[in-house]
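Please look over the chain below with its charged side chains in mind. The numbered points that follow are meant for someone meeting this structure for the first time.

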Amino acid sequence: MKPFLRLHRLQRLPWSVVCLALGTQGNTEHHQVSLSFRDAALTPTTGEQGPPTPRCPESLSPHVCLRIFPSCLARSAQRQPLRLLRTEAQGAAAGRVRADAPSAAVSRAFASSRGVDIAGLHAQPSTHLLEEVKELFSSLGVDCNILELDQVDEGASVQEALSEITSQRTVPSVFVNRVHVGGCDHTFQAHQSGLLQQLLQQDPAYDYDLIVIGGGSGGLSCAQEAAVLGRKVMVLDFVVPSPRGTAWGLGGTCVNVGCIPKKLMHQAALLGQALTDSRKFGWEYSQQVRHSWATMTEAIQSHIGSLSWSHRLALREKAVTYVNSYGEFVEHHKVKATNEKGQEALYTAAKFVIATGERPRYLGIPGDREYCVTSDDLFSLPYCPGETLVVGASYVALECAGFLAGLGLEVTVMVRSVLLRGFDQEMAEKVGASMQQLGVHFLRKFVPVEVQQLERGLPGRLKVVAKSTEGTETIEGIYNTVLLAIGRDSCTKKLGLEKIGVNVSEKTGKIPVNDEEQTSVPYVYAVGDVLEGKPQLTPVAVQAGKLLARRLFGGRSEKCDYVNVPTVVFTPLEYGCCGYSEEKAGEVYQAENLNVYHTLFWPLEWTVAGRDNNTCYAKIICNKLDNDRVIGFHVLGPNAGEITQGFAAAMKCGLTKQLLDDTIGIHPTFSWLTETSSEPLRPWVLTKMSSLLREQLPLQKTLLPTRSIPVRGIISDPQDEPPSSGCPLAGRPQDLVAPR
Ligand SMILES: Cc1cc2nc3c(=O)[nH]c(=O)nc-3n(C[C@H](O)[C@H](O)[C@H](O)COP(=O)(O)OP(=O)(O)OC[C@H]3O[C@@H](n4cnc5c(N)ncnc54)[C@H](O)[C@@H]3O)c2cc1C
């Protein structure tokens with residue numbers, strides 16, 4: 001039976017997809033692999049889930065040249081030696097054929113598993129070409145293994161074997177890390193295009209050039225960029241189910257249990273508010289309006305499913321190997337991957353990126369893991385949570401509390417110390433106050449000490465015992481659901497990092513890296529939420545991952561800029577910020593060197609709706625010593641996220657107070673305000689803040705109490721509630737999401 005290796009271009013597929021059939025005649029062994037032609041990277045697709053790769057029609061003629069990874073050939077090569085029957089050079093990047101299964105003579109001659117091998121002639125006429133190639137590698141600081149075919153015993157048979165496997169009949173014939181580059185011209189072309197440098201960096205001693213552990217925002221961005229740059233990449237992603245048993249697919253926190261479902265639920269709540277406003281704008285309707293938790297979660301989960309699937313497709317298209325397994329280091333350059341069924345596999349790589357993110361923290365009190373949920377569970381909760389206690393004051397806590405209240409649920413937030421730690425505290429208090437206006441109850445300076453189940457059910461009833469952080473007072477409350485949002489722990493404990501010596505902060509469990517995201521072990525990098533002291537945001541992880549891949553494999557040098565990263569808290573009234581909080585700016589620049597400008601504003605769409613004119617607020621912090629440069633931007637109002645993005649770009653460009661004043665605004669938007677009708681119109685009419693002005697400002701009618709309020713501790717029997725398909729809001733006909 002004659003072994004064969006056929007290369008096909010499939011005309012019906014996008015041009016970038018080619019298919020390689022490998023096996024023996026009679027089809028006793030037949031694999032299919034798909035690859036990106038541009039990157040010439042191959043990944044076996046046999047047995048993968050998802051849409052099948054079409055099989056190669058045998059009738060199509062061989063059309064492309066590509067390099068073939070040994071892993072694809074290994075199984076067949078073990079049984080019978082393979083020969084590449086035909087390849088055709090197509091442009092400068094083509095003609096690269098991996099010499100993994102050459103004739104015995106070539107194997108002996110090019111025995112070295114890595115480095116540069118050049119077959120040439122000592123005698124004229126091609127000596128000068130050999131010298132040019134040698135000089136090129138010498139200028140790159142790379143040693144070459146030169147085989148002068150006319151000087152060795154087996155020279156003729158080696159040359160014949162080389163011609164056979166490469167289709168190149170001339171010398172010199174250059175191999176880099178066992179990849180055939182071509183003759184002198186091809187080698188110089190490869191040098192010009194950067195391909196030579198890429199090949200020189202490759203290390204065939206490993207299964208992969210890069211293994212990324214964690215398929216979330218940072219990991220996926222890094223893996224895909226590395227693959228686009230021609231690297232052989234694997235992503236290991238595995239979701240350990242939450243204590244409640246919730247798990248999800250590829251894409252990490254953002255897609256599945258973070259930004260995306262959170263923003264969509266926020267939107268669901270905003271629509272409820274819009275319904276209330278709509279009556280003032282003339283909309284009349286008599287039918288009962290109720291919100292269905294089940295419809296909302298089903299629609300959101302369906303969208304998440306499509307996002308997760310498109311991540312899988314993107315990996316596939318870029319020929320990244322995705323393995324749904326838990327990764328942990330077992331020794332240097334080697335990870336163990338364990339899948340859902342407990343099956344283990346070992347993989348090696350030249351470089352690793354850790355992008356394992358974080359998971360919600362539990363309180364460590366009786367009943368927390370058994371009865372409480374976290375953000376990992378909330379977005380796919382199969383029933384309306386009913387009256388909810390949110391424990392924590394992080395942005396995740398306030399956002400969840402905000403949309404639950406916006407959907408019409410009774411919500412209490414239990415706060416140990418301050419709201420939105422790390423954010424500007426004046427803004428944080430205003431966020432809290434605006435939530436209070438919406439009907440969210442705050443219990444300050446209390447922490448839960450025990451959660452007991454009073455009644456099973458969907459939802460059931462839970463009793464929470466809490467104690468004061470300032471005294472001995474203990475209180476109790478009864479809720480349908482307790483949502484813990486007290487912080488998140490980095491997924492670094494079970495990664496086997498100690499086995500290879502990657503430093504992890506004992507205090508935070510996070511990974512310290514240098515400004516190139518390199519850990520204490522030079523070939524191991526980290527991006528995203530696992531990083532010590534970096535903003536924990538999706539766009540940050542994405543940018544860091546992409547730039548890291550470009551530095552590692554694309555010859556680029558740009559580093560991720562972690563300064564002036566904008567962010568938004570999607571509470572019912574959104575809070576956007578960029579740069580320093582007032583507290584931090586004071587620490588860094590000293591309070592006397594700062595100018596702080598601020599204003600309250602009333603969005604036009606709130607006027608007719610009759611909403612509060614005393615809530616929306618903007619503030620900028622400027623450095624007096626640097627031409628009043630804006631070093632902190634804060635806004636509390638509708639669509640704050642959309643506004644903040646533009647200001648962040650302006651701050652990167654060196655925005656000053658004067659430039660802000662000189663900018664003509666868009667009318668009528670609320671990011672552009674008029675002081676009086678006779679004043680010139682400006683984007684933000686900001687008043688310089690002094691203690692006197694602060695007092696004069698008509699600030700919130702009610703600021704958050706700093707002392708604890710006893711838990712109301714009352715919930716109606718779920719029997720009295722509307723059916724589980726409708727949240728309690730349904731009980732208020734014609735009074736839509738009325739603020740309580
Ligand atoms: C409720 C919530 C709302 C958020 N909202 C926003 C927002 O509005 N805007 C924003 O920018 N950011 C938001 N974030 C933060 C954002 O989700 C994260 O910053 C981002 O997802 C971090 O990406 P990452 O790649 O570091 O980790 P992740 O996206 O968490 O991905 C890590 C992946 O690695 C997997 N993993 C862990 N250990 C292993 C292992 N040993 N082997 C294999 N796989 C492993 C995990 O299961 C996960 O799939 C939010 C977060 C939460 C929780």
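1. K619 and D424 are both buried, where buried means under 20% relative accessible area, exposed over 50% and partly exposed in between, with a 1.4 Å probe and protein chains only. This is a predicted model, in which local features need pLDDT of at least 70 and side-chain atom pairs count only at pLDDT 80 or more, while totals for chains, interfaces and linings use all residues. Residues are numbered from 1 along each chain as its sequence is written, and side-chain values use heavy atoms, with hydrogens and water left out.

2. K619 and D424 form a salt bridge (a side-chain nitrogen of Lys or Arg within 4 Å of a carboxyl oxygen of Asp or Glu), and their closest N and O atoms lie 3.0 Å apart. D424, E426, E582 and K619 are joined in a network of such bridges.

3. By this rule the structure has 22 salt bridges. One of them pairs R550 with E225, with 2.7 Å between the closest N and O atoms. It links distant parts of the chain, since R550 belongs to helix 16 (residues 538-553) and E225 to helix 7 (residues 217-228), 325 residues apart; helices (H or I, at least four residues) and strands (E, at least two) are DSSP runs numbered from the N terminus. E225 is buried, its relative accessible area being 16%.

4. D561 forms a salt bridge with K652, the closest N and O atoms being 2.8 Å apart. D561 is partly exposed at 42% relative accessibility, whereas K652, with a relative accessible area of 51%, is exposed.
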